[in-house]
Amino acid sequence: MLNEIGIRDFAIIERLELSLSNGLSVLTGETGAGKSILLDALGLCLGDRADTNMVPPHAERSEIHAGFDVSDAPRARDWLEAEDLAEDDECLLRRVIHSNGRSQAWINGRPATRAQLEALGQRLVGIHGQHAHQALARAEVQRRTLDGYAAHPSLLEPVATLHGQWRAIASERAELAGGSDDHQDRIALLRYQLEELDAAAISEAAFAELEREQRRLAGAEQILGACQRSLDWLYDGENAAQSLLAAAERELAEHLDTDAALGEATELFATAQVQLQEGCQTLRHFADHLEMDPARLAEVEHQLSTLHDLARKHHVEPEHLAAHAEQLRGELERLESADQRLIELAEAQAQTEKAYREAAEQLTASRQSAADGLMAEVNATLAELGMPGAALLIRVEPDREAEPARHGQDQVRFDVRTNPDQRPGPLNRIASGGELSRIGLALEVATAHTAELPCLIFDEADAGIGGAVAEVVGRKLRALSEHHQVLCITHLPQVASQGRHQLQVEKSQDAEGRTTTQVRHLADSERTEEIARMLGGVEITDQTLSHAREMLERAG
């Protein structure tokens with residue numbers, strides 16, 4: 001419920017702190033005193049769009065906060081928890097509107113968007129103005145109203161779940177079957193590409209070995225020439241290194257008797273001759289077995305060229321062609337199995353739709369039964385509200401050929417006739433604004449035990465009525481307050497007298513000539529005077545005061 005509302009510098013409200021209670025609270029005051037401004041301010045906390053014209057000229061910003069107890073609002077609590085904004089059972093909404101057009105919002109002290117305020121507000125408060133019941137003309141509102149009265153979530157939830165499953169299957173079917181020509185073209189292309197890749201592609205290791213072989217074959221002639229020149233320089237030539245090394249050893253050996261220190265160098269040169277001889281033998285053996293194979297070289301180079309061309313075609317590196325082929329093979333397998341998957345999906349969709357239709361049939365039967373009960377209650381209330389010849393007709397028409405929908409297969413339509421001899425028609429075409437208000441009130445009363453909003457606000461929803469009907473409206477609003485916190489702005493004493501609490505809205509001028517609005521709770525004696533003011537004219541007589549006391553006593 002709404003516990004408090006605080007306003008600072010908003011329109012003609014300079015500063016206001018207002019506490020509210022359970023039951024029916026009525027707000028009364030002279031026309032133009034600023035009663036509806038309270039709702040405009042609360043609406044900002046509930047996500048309405050900001051209007052900088054509401055910021056007074058002398059102020060830089062307007063501030064509004066509203067405190068709620070959400071212990072009796074499970075939908076609001078669940079939303080707060082889902083948004084990580086919950087604070088036990090308390091909820092504080094705050095809105096600041098700057099004169100430059102900037103707007104800020106907070107939920108439980110944490111910054112919030114206007115959309116978040118609006119989403120939460122829809123779970124906390126229902127505001128009904130003179131024209132608010134025009135929303136009843138919308139088909140989805142009519143369906144929700146009937147479902148709320150029927151109180152059959154156990155039937156709504158399976159329908160919604162099966163609809164979700166049906167849509168998911170239909171979406172997968174459309175994705176697999178969409179563009180069947182393209183589907184088959186893709187399969188044909190993949191098969192061709194895989195034939196080409198399987199014929200040519202090799203593993204990364206094999207590609208590396210092929211490149212090494214190509215380098216070796218391409219360089220065989222140069223390598224053989226290098227071997228021959230090296231052998232000439234080292235062993236076979238006229239001035240080969242081996243001959244020079246042997247001559248140096250012999251020359252030094254002749255002087256070993258003279259100086260034995262030459263022995264170490266002589267030994268090393270002798271060892272070097274042995275190693276040089278072995279190295280040359282190894283090099284000669286390599287050269288003797290080195291093959292000059294132009295045909296193999298041409299074959300290897302052709303194979304490498306094919307691989308590079310294929311790699312460019314598939315936009316991969318040559319060494320990755322084999323891995324790319326496996327990816328294409330996997331895609332081909334998925335596409336080739338799609339036909340079988342489509343058969344499975346078609347069967348699953350048919351089974352799901354059958355289950356959906358069965359669940360929707362049960363929902364239709366429940367709605368039709370609830371429609372009879374809701375019509376009876378609303379029409380009885382309309383008679384009490386001064387519309388004895390009026391009747392609400394609720395039509396539940398299933399369309400069993402229509403595609404499954406989240407809310408079932410029914411078209412729910414509220415028609416009305418306001419006179420017995422009148423042809424029924426849509427609400428917005430047949431009923432006037434005052435009649436719509438009474439129809440809306442009758443629906444609120446009929447569905448009060450199932451409605452989930454903890455707080456209902458009526459802004460002169462009693463406009464256009466008076467006399468005994470006004471008293472009935474007051475009693476109906478009081479009956480609503482047994483299930484909700486109800487706030488009602490009214491000019492009718494018959495309605496105001498039914499309130500458990502009464503707040504007076506007064507307009508005055510301060511010392512600087514500024515017009516301001518104040519709101520205060522009325523004590524019992526003050527309520528009598530205010531009801532008398534609403535009953536009487538310029539002068540309040542003893543008889544008017546007596547009538548006011550009688551109305552309050554009769555209301556209890």
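This is a predicted model: local features need pLDDT of at least 70, side-chain atom pairs count only at pLDDT 80 or more; totals for chains, interfaces and linings use all residues.
Residues are numbered from 1 along each chain as its sequence is written, and side-chain values use heavy atoms, with hydrogens and water left out.

**Exercise 1.** Work out where Asp-410 sits and which side chains it makes polar contacts with.

*Solution.* 
- Step 1: look up the element. Asp-410 belongs to strand S10, residues 410-417 (strands are DSSP runs of E, at least two residues, numbered from the N terminus).
- Step 2: check burial. Asp-410 counts as buried because its relative accessibility is 8% (buried means under 20% relative accessible area, with a 1.4 Å probe and protein chains only).
- Step 3: find the polar partners. The Asp-410 side chain has a polar contact with that of Thr-364 at 2.6 Å, and another with that of Arg-367 at 2.9 Å (a pair of N or O atoms within 3.5 Å, one able to donate a hydrogen and the other to accept it; residues adjacent in sequence count only if both atoms are side-chain atoms).

**Exercise 2.** Trace the open sheet that contains S12 and S13.

*Solution.* 
- Step 1: order the strands. Six of them run S8-S12-S13-S3-S14-S15, with mixed pairing (two strands pair if DSSP finds at least two bridges between them).
- Step 2: spot the edges. S8 (125-128) and S15 (515-521) each pair on one side only.
- Step 3: zoom in. S12 (residues 455-459) and S13 (residues 485-489) are parallel, over five bridges, and Phe-458 has Cys-488 in S13 as its bridge partner.

Conventions: Helices (H or I, at least four residues) and strands (E, at least two) are DSSP runs, numbered from the N terminus. Buried means under 20% relative accessible area, exposed over 50%, partly exposed in between (1.4 Å probe, protein chains only).
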